[in-house]
Amino acid sequence: MKFLLGVVLFLVSVSGPAQSSNQDIYRIANQILKANHLSPLKKLLIINSTEYNAMYVGNNTVVIYTGLLKNIPNKEQLAFVIAHEIGHRDRHDTRSTYKSELAADKLGFKYIQKAGFNMCKGAEFLRNLSGDANTHPDGKIRFAASGCV
């Protein structure tokens, strides 16, 4: 385990197109937190699973599944995923709704831009996401909300 700015990262190996190391994930999370003067996470958990998901689970904890990490092609998209989940934390979201997802996206865009990442490259993550009838708007709608083309 590593500690910096209060983040705890549970290490697992990740391989895929982005080949993000656990250190990269940890560094990006801390870069976002520090640049935005945000309170630290208690835990950043990387779960070895084929599930394509990341989530804020309460108790100041963000979970990212390796099934998602293996399909993220660049650091900007990884930064957006992390920043989006931190956005849920900062909004005190207790459940996913269209409104909460769009608001967390907006914070994610702001956070990665302030941390020095290319916001539009990060927003590309949303482009191909499918929506969920109850909780998540279609990715094309979410990408369009970024203002990127």
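The largest pocket holds about 510 Å³ of space. Here a pocket is an open set of points on a 1 Å grid over the protein atoms alone, where a 1.4 Å probe fits and protein lies on both sides within 12 Å along at least five of seven lines. The volume is the space filled by probe spheres set on the points, which are joined across faces, edges and corners. This is a predicted model, in which local features need pLDDT of at least 70 and side-chain atom pairs count only at pLDDT 80 or more, while totals for chains, interfaces and linings use all residues. Residues are numbered from 1 along each chain as its sequence is written, and side-chain values use heavy atoms, leaving out hydrogens and water.

**Lining of the largest pocket**

- The lining of the largest pocket consists of 25 residues, and Asn53, Ala54, Glu85, Glu101 and His136 lie nearest the centre; a lining residue has an atom within 4 Å of a point.
- Two or more lining residues come from each of the elements β4 and α3.
- Helix α3 gives the largest share of this lining, 5 residues.
- By class, 11 lining residues are nonpolar, 8 are polar and 6 are charged. Nonpolar covers Ala, Val, Leu, Ile, Met, Phe, Trp, Tyr, Cys and Pro; charged covers Asp, Glu, Lys and Arg; the others, Gly among them, are polar.

**Overall build**

- The protein has 6 helices and 5 strands, taken as DSSP runs numbered from the N terminus (helices: H or I, at least four residues; strands: E, at least two).
- From the N terminus on, the order of the elements is β-β-α-β-β-β-α-α-α-α-α.
- Of the 149 residues in the protein, 46% are buried. With a 1.4 Å probe and protein chains only, buried means under 20% relative accessible area, exposed means over 50%, and partly exposed lies in between.
- Among contacts between residues at least 6 apart in sequence, 54% join residues at least 24 apart; a contact means heavy atoms within 4.5 Å.

**Aromatic rings**

- The count comes to 2 aromatic pairs. Rings of Phe, Tyr and Trp (its six-membered ring) pair if their centres lie within 6.5 Å, and planes under 30 degrees apart count as stacked, over 60 as edge-to-face and the rest as tilted.
- Tyr52 and Phe125 form a stacked pair, at 6.5 Å centre to centre with 15° between the planes. Tyr52 is in the loop between β3 (43-47) and β4 (54-56) and Phe125 in the loop between α5 (119-123) and α6 (139-144), so this pair ties together parts that are 73 residues apart in sequence.
- Tyr52 is partly exposed at 41% relative accessibility, whereas Phe125 is buried at 12%.
- Phe80 and Phe109 are stacked because their ring centres are 5.2 Å apart and their planes stand at 20°. Phe80 belongs to helix α3 (residues 75-91) and Phe109 to helix α4 (residues 98-114), 29 residues apart.
- Arg127 lies over the face of Phe143, 3.9 Å from the ring centre. For such a charge over a ring, NZ of Lys or CZ of Arg must be within 6 Å of the ring centre and within 35 degrees of the ring normal.

**Surroundings of Phe80**

- Phe80 counts as buried because its relative accessibility is 1%.
- Leaving aside neighbours within four places in sequence, Phe80 is in contact with Asp105, Gly108, Phe109, Ile112, Gly122, Phe125 and Leu126.
- The C-alpha atoms of Phe80 and Leu126 are 9.4 Å apart, although these residues are separated by 46 residues along the chain.

**Positive phi angles**

- His37, which is not a glycine, has a positive phi of about 55°. His37 is in the loop between α1 (22-35) and β3 and is exposed, at 70% relative accessible area.
- His92, also not a glycine, has a positive phi of about 60°. His92 is in the loop between α3 and α4 and is exposed, at 64% relative accessible area.
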